[in-house]
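The following briefing sets out the fold of one protein model. The sequence and structure come next, followed by the terms and the findings by topic.

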Amino acid sequence: MSTGATTTVEIDTTLFITVSGPPGCGATTLCERLSDAIGCPYVSGGDIFRELAEDRDMSLNQLTAKAEASGDIDRALDRRLQSIAEKWGTANKPFILESRLAGWIAGERADLRIWLDAPEDVRLERIEDRLETEAEMRVREVSEAGRYESYYEIDIDEREFYDLQLNTARWGKEGVFQIVRAALEEYDPGADTGAFPTPALDP
């Protein structure tokens, strides 16, 4: 569980928000900023994956390799995230869940589902200082998409149920934050005539 850096911006909301997107999309940056502005916790799928590695006394690379060979790891991760979503979905308190499948996992419990993306060259530049190489990132994206389709019969590129989709290469970090901030502050439950239905996910 993470919180962001100090900022003077405040957002008054009780919404359960999911943030999803591929590596380098800017999800972590946005979640940290939103978490601090709203004054709420957020959980990252990456953090849970690291917890699973620690629980099994394995390195991240070892756990990734095991996930490639067996569905047990992915399903354990998704079940843990789903449990978190179930808890916060009924809490009537603000919360942020971030992972590639967060929108699917939270399902109808989520109040606002966000998808972030950027052109591949932009995302690659953003992850230059990470341990993951360009080739590894591409392989992981293809592998994850294949596993999601195999496990759950879902297409990760199916995005019609997301309430907000942003190309984060078109705005700076502050611009992305301000767009999402406006969406949260202008949200009126009384004017909400319905979200797109989210397909059920059963880890």
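Axes are lines fitted to C-alpha atoms, for helices over the stretch in contact, and angles between N-to-C directions run from 0 to 180 degrees. Helices (H or I, at least four residues) and strands (E, at least two) are DSSP runs, numbered from the N terminus. The model is predicted: local features need pLDDT of at least 70, side-chain atom pairs count only at pLDDT 80 or more, and totals for chains, interfaces and linings use all residues. Residues are numbered from 1 along each chain as its sequence is written, and side-chain values use heavy atoms, with hydrogens and water left out.

**Overall composition**

- The protein contains eight helices and five strands, which follow one another from the N terminus as β-α-β-α-α-α-β-α-β-α-α-β-α.
- Of its 203 residues, 45% count as buried (buried means under 20% relative accessible area, exposed over 50%, and partly exposed in between, with a 1.4 Å probe and protein chains only).
- Among contacts (heavy atoms within 4.5 Å) between residues at least 6 apart in sequence, 80% join residues at least 24 apart.

- Five strands form an open sheet in the order 2-3-1-4-5, with parallel pairing; two strands pair if DSSP finds at least two bridges between them.
- The edges are strand 2 (42-44) and strand 5 (164-167), each of which pairs on one side only.
- On average, neighbouring strands of this sheet are turned by 15° against each other, direction ignored.
- Strand 1 (residues 16-20) pairs with strand 3 (residues 95-98) in the parallel sense over four bridges, and F16 stands opposite F95 in strand 3.
- Strand 1 also runs parallel to strand 4, joined by four bridges, with T18 opposite R113 in strand 4.
- Strand 4 pairs with strand 5 in the parallel sense, again over four bridges, and I114 stands opposite L164 in strand 5.
- Five of the six residues of strand 4 are buried, so this strand is largely enclosed by the rest of the structure.

**Helices across the sheet**

- Helix 1 (residues 27-38) lies across strand 1, strand 2, strand 3 and strand 4 (112-117), and runs at about 170° to strand 3.
- Helix 4 (residues 72-89) lies across strand 1, strand 2 and strand 3, at about 160° to strand 3.

**The contact of helix 2 with helix 3**

- The axes of helix 2 (residues 45-55) and helix 3 (residues 60-69) come within 9 Å and cross at roughly 95°.
- Helix 2 is therefore roughly perpendicular to helix 3 (angles under 35 degrees count as roughly parallel, over 145 as roughly antiparallel, 65 to 115 as roughly perpendicular and the rest as oblique).
- F49, R50, L52 and A53 in helix 2 meet L60, L63 and T64 in helix 3.
- By class, this contact has five nonpolar, one polar and one charged residues (Ala, Val, Leu, Ile, Met, Phe, Trp, Tyr, Cys and Pro count as nonpolar, Asp, Glu, Lys and Arg as charged, and the others, Gly among them, as polar).

**Positive phi in loops**

- Most residues other than glycine have a negative phi.
- D57, in the loop between helix 2 and helix 3, has a positive phi of about 55° although it is not a glycine.
- D57 counts as exposed because its relative accessibility is 72%.
- N92, in the loop between helix 4 and strand 3, has a positive phi near 55° and is likewise a residue other than glycine.
- N92 counts as exposed, at 59% relative accessibility.
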